[in-house]
Amino acid sequence: MSRKLLAGLLLFVAWLIVSLTSLPQVANATIAQPDLIPLTLEVLQQRLKTPGQSEGLRTVDLQRLSIDLRPENAEFRDRFYELVRSQLQRTGTPVGLDLSYSLIQGELKISQLGLRAPLFGESLSPIFTPAEKEQLQRDRRRLSRLSTLSQSLLTIPKLGTEEPPLQITVFRGPLKLTQTRFLGLADFTNTFFLNRVEAPGAQFTQGIDCAQTRFSQTTSFAGALFGRDARFRSSIFFGRVEFNQVQFQGVNFQNTEFQATANFNQALFQQPANFTRIQWQGNADFAQAHWQTEAVFNKGTFSKALFLPDAVFDKAALFREVQFNKPVNLRGTSILEQADFSDAGFARGAYLNVPGLKFDSDQAKIIGDPGQIGRVITVPSLQGNENLLRELVRNFRRQEQIPDANQIDYTRQRLRLRELRQQLFGVNINTAPIAQLRNLGFSPAQVAAIAQRRVQQPFRNLTDLLSLANVDIATYINVRDRIVAREIVPPAIDAVYRLSTGLSCIGLSLLLLLSRNGSNFWLVFGVGLVAIAYFGVLFWLVDRWRRILPKPILPSPAETLWVLGGFSLLSFWGLIAIFRNGDNPWFTLASIGAIAIPVPTILLIRLYQVGRYHSLMNTSYFMEEGTLRQLRILIGRLPIIPRYEMFRERYMYILWDRRWNWLNYFDFSFNNLLKFGFNDIRLRDEHVPGLITVLVWYQWAIGILYIALLLWTLSRTIPGLNLLIYFK
């Protein structure tokens with residue numbers, strides 16, 4: 001019994017404490033949200049006689065009222081518009097209107113409260129600013145053309161009739177609608193708000209119509225609820241506009257112009273959202289926005305950045321014929337159906353930043369112009385994005401957009417190369433001395449924290465640095481590209497690891513520079529032309545330029561000119577292909593030089609140092625198979641003729657005394673590199689200096705690697721073969 005009494009006493013005390021602590025909150029809620037007072041003519045007149053002050057401006061205070069503007073209350077409605085309009089349209093300092101926390105029944109027409117005036121003309125010159133008048137003049141030309149076109153299509157105007165002047169409602173003071181609830185339609189059409197419009201938390205149960213409305217200053221609909229369609233068609237927002245945390249049903253912003261930042265973060269679109277033909281002059285922020293149905297941004301222009309981080313598209317996101325002048329941030333965006341960028345234009349410096357893009361649905365896909373969309377998709381690092389890049393490659397292969405799939409794969413390999421370089425040259429955070437950590441940019445306190453942490457537990461990845469209280473995000477961003485987190489291993493194993501990483505880095509670099517990771521056939525073809533021209537000149541030089549004394553064996557001046565001309569022509573074509581298709585053409589040429597110049601140069605220098613003293617000095621080192629002239633695949637034969645006597649009978653020395661003889665050297669270089677040709681030209685096996693044999697075998701070995709690279713590139717760029725090999 002004593003235990004039950006004690007438990008009951010404890011429960012009573014807990015209930016009493018909760019009740020006492022909740023009383024102030026309940027009281028505050030009652031004070032913050034009192035019962036609404038029905039607005040009568042007496043209350044309205046009293047409020048109009050004693051206007052309030054808001055930020056230095058007189059304001060008609062109609063807060064926390066229930067305003068009945070329904071047709072059955074027409075007498076009050078007409079008097080309401082008349083009395084409020086007379087107060088707002090006074091000359092002098094603008095007067096604002098505050099309807100915050102009020103309930104408006106029926107339709108509210110701003111045109112009944114503002115000043116009706118010609119849209120254009122000198123009558124508004126004391127009111128409008130030069131920027132606003134310039135905007136209105138531009139609208140005048142556009143609206144005049146539309147009006148003339150519509151009249152010419154519908155009716156033929158009579159002689160002597162004049163076109164009625166276009167008019168607009170001018171609302172001079174600020175309009176406040178904080179948490180205002182509209183039970184009817186809010187009609188703000190064809191209105192020019194010269195001051196602020198503040199409607200955070202407002203509820204438009206029957207929707208809002210702001211077609212052809214101008215908002216001169218900052219506009220806020222943050223947290224608003226649109227129960228039905230929100231129409232902002234052909235509107236202009238001169239200042240910053242806030243639509244964050246808004247719930248839209250259907251919304252139409254067609255032909256709208258945002259001249260400053262437009263904020264739609266955390267907005268919810270429950271019905272189709274029409275954002276077509278919009279001019280986004282400032283940043284467009286749709287962070288964490290959620291489209292439950294189709295999102296249409298077709299034919300718009302984004303002059304500044306478009307932010308879509310962590311946004312969710314349940315249905316299609318259409319960006320057809322959109323012009324992007326700045327980057328598009330798709331970090332963490334979820335695409336559950338499709339994102340269509342067909343016919344979209346990307347200015348220099350504009351791209352799609354897609355790290356963390358959630359793109360794993362069976363129906364999800366990205367659509368764009370073949371050969372373009374893959375070039376504008378980027379991620380900053382490979383870590384955390386490998387699966388995304390693989391999904392993007394598969395996406396474009398399914399659509400048979402092979403160039404875009406190869407471009408994404410090329411991007412992935414470039415990021416991998418960056419990681420390899422960082423692993424090779426980066427400072428290991430687990431073994432770096434204290435002085436080296438300070439040189440990297442860490443403060444003494446941060447260095448001490450790092451030293452203490454790695455003694456207790458080594459760093460497994462770079463993000464572990466952020467777990468230290470002393471390391472801030474700015475320091476991490478500053479040093480992350482210069483450090484690595486590797487396990488502590490013996491020096492011998494570390495040296496082997498660095499050697500392996502270095503070889504992988506060199507091989508991947510050559511693969512990217514010479515073929516863009518097997519994604520560009522013309523780049524590989526250009527590399528081959530340069531190599532053929534270069535080795536053709538070398539073979540001509542060692543065969544025709546043998547000695548000067550005692551009896552010269554030299555080519556004729558005419559032959560020299562023909563060889564140099566052929567070399568220039570082949571090299572010119574190859575250089576055009578390299579510079580048109582390579583991302584880093586100068587590095588590509590440097591790679592070709594690193595492969596083709598050092599070894600042949602050493603061989604030639606040694607060859608002319610020792611001289612040539614052998615038989616058959618007046619005969620070419622090269623022989624051709626003289627029985628047939630046909631296209632042959634020579635990949636199965638070696639560059640030197642065999643020793644079998646009967647086999648040699650078919651081979652003859654190439655002729656020195658013919659004008660076209662210089663073509664044989666380029667032909668041999670072509671055969672030795674590409675392994676097919678019309679003439680089977682080989683190096684003889686008798687009385688040949690070993691250095692020349694080494695030179696020929698060196699090009700033959702390079703040719704094996706080149707053929708593998710060429711065939712691999714063709715397999716990745718030919719659509720049918722590509723799908724057969726890679727489609728899964």
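Guide: Strand S1 (residues 37-38) and S4 run parallel and are joined by 2 bridges. Strands here are DSSP runs of E of at least two residues, helices are runs of H or I of at least four, and both are numbered from the N terminus. Two strands pair if DSSP finds at least two bridges between them.

Visitor: Before going on, what sort of model is this, and how are residues numbered?
Guide: This is a predicted model, where local features need pLDDT of at least 70, side-chain atom pairs count only at pLDDT 80 or more, and totals for chains, interfaces and linings use all residues. Residues are numbered from 1 along each chain as its sequence is written, and side-chain values use heavy atoms, with hydrogens and water left out.

Visitor: Back to S4. Which residue is the bridge partner of Pro38?
Guide: Ser66 in S4 is the bridge partner of Pro38.

Visitor: And how many bridges join S4 to strand S6?
Guide: There are 4 bridges between S4 and strand S6 (residues 103-106), and the two run parallel. Asp68 has Gln105 in S6 as its bridge partner.

Visitor: Are the residues of S4 buried or exposed?
Guide: Of the 5 residues of strand S4 (residues 65-69), 5 are buried, so the strand is largely enclosed by the rest of the structure. Buried means under 20% relative accessible area, with a 1.4 Å probe and protein chains only.

Visitor: Which way do the S4 residues point?
Guide: Leu65, Ile67 and Leu69 point one way, Ser66 and Asp68 point the other way, and all are buried. In a regular strand the side chains alternate between the two faces of the sheet.

Visitor: What is the strand order in the open sheet of 10 strands?
Guide: The order is S7-S12-S16-S20-S24-S28-S32-S36-S40-S43, with parallel pairing. Strands S7 (108-109) and S43 (365-368) stand at the edges with a single partner strand each, so one side of each is left without a neighbour in the sheet.

Visitor: Give me one pair from inside that order.
Guide: Strand S12 (residues 186-187) and strand S16 (residues 208-209) run parallel, joined by 2 bridges. Asp187 stands opposite Asp209 in S16.

Visitor: Where is Phe226 found?
Guide: Phe226 is in strand S19 (residues 225-226). Phe226 counts as buried because its relative accessibility is 0%.

Visitor: What does Phe226 touch?
Guide: Leaving out residues up to four places away in sequence, Phe226 touches Phe204, Ile208, Phe221, Val246, Gln247, Phe248 and Gln249. A contact is heavy atoms within 4.5 Å. Gly207 is 19 residues from Phe226 in sequence, and their C-alpha atoms are 5.5 Å apart in space.

Visitor: Now helices. At what angle do H6 and H10 pack?
Guide: Helix H6 (residues 402-425) and H10 pack at about 150°, with axes 9 Å apart. Axes are lines fitted to C-alpha atoms over the stretch in contact, and angles run from 0 to 180 degrees between N-to-C directions. H6 and H10 are therefore roughly antiparallel (over 145 degrees) to each other.

Visitor: How many charged residues does that contact have, by class?
Guide: The contact of H6 with H10 has 4 charged residues (Asp, Glu, Lys and Arg count as charged), alongside 8 nonpolar and 6 polar. Nonpolar covers Ala, Val, Leu, Ile, Met, Phe, Trp, Tyr, Cys and Pro, and the others, Gly among them, are polar.

Visitor: And H10 with H13?
Guide: Helix H10 (residues 491-515) and helix H13 (residues 585-596) pack at about 120°, with their axes 9 Å apart. The contact is made by Leu510, Leu513 and Leu514 of H10 and Phe587, Thr588, Ser591, Ile592 and Ile595 of H13.

Key
Buried < 20%, exposed > 50% of the residue type's maximum accessible area, 1.4 Å probe, protein only. Parallel < 35°, antiparallel > 145°, perpendicular 65-115°, else oblique.
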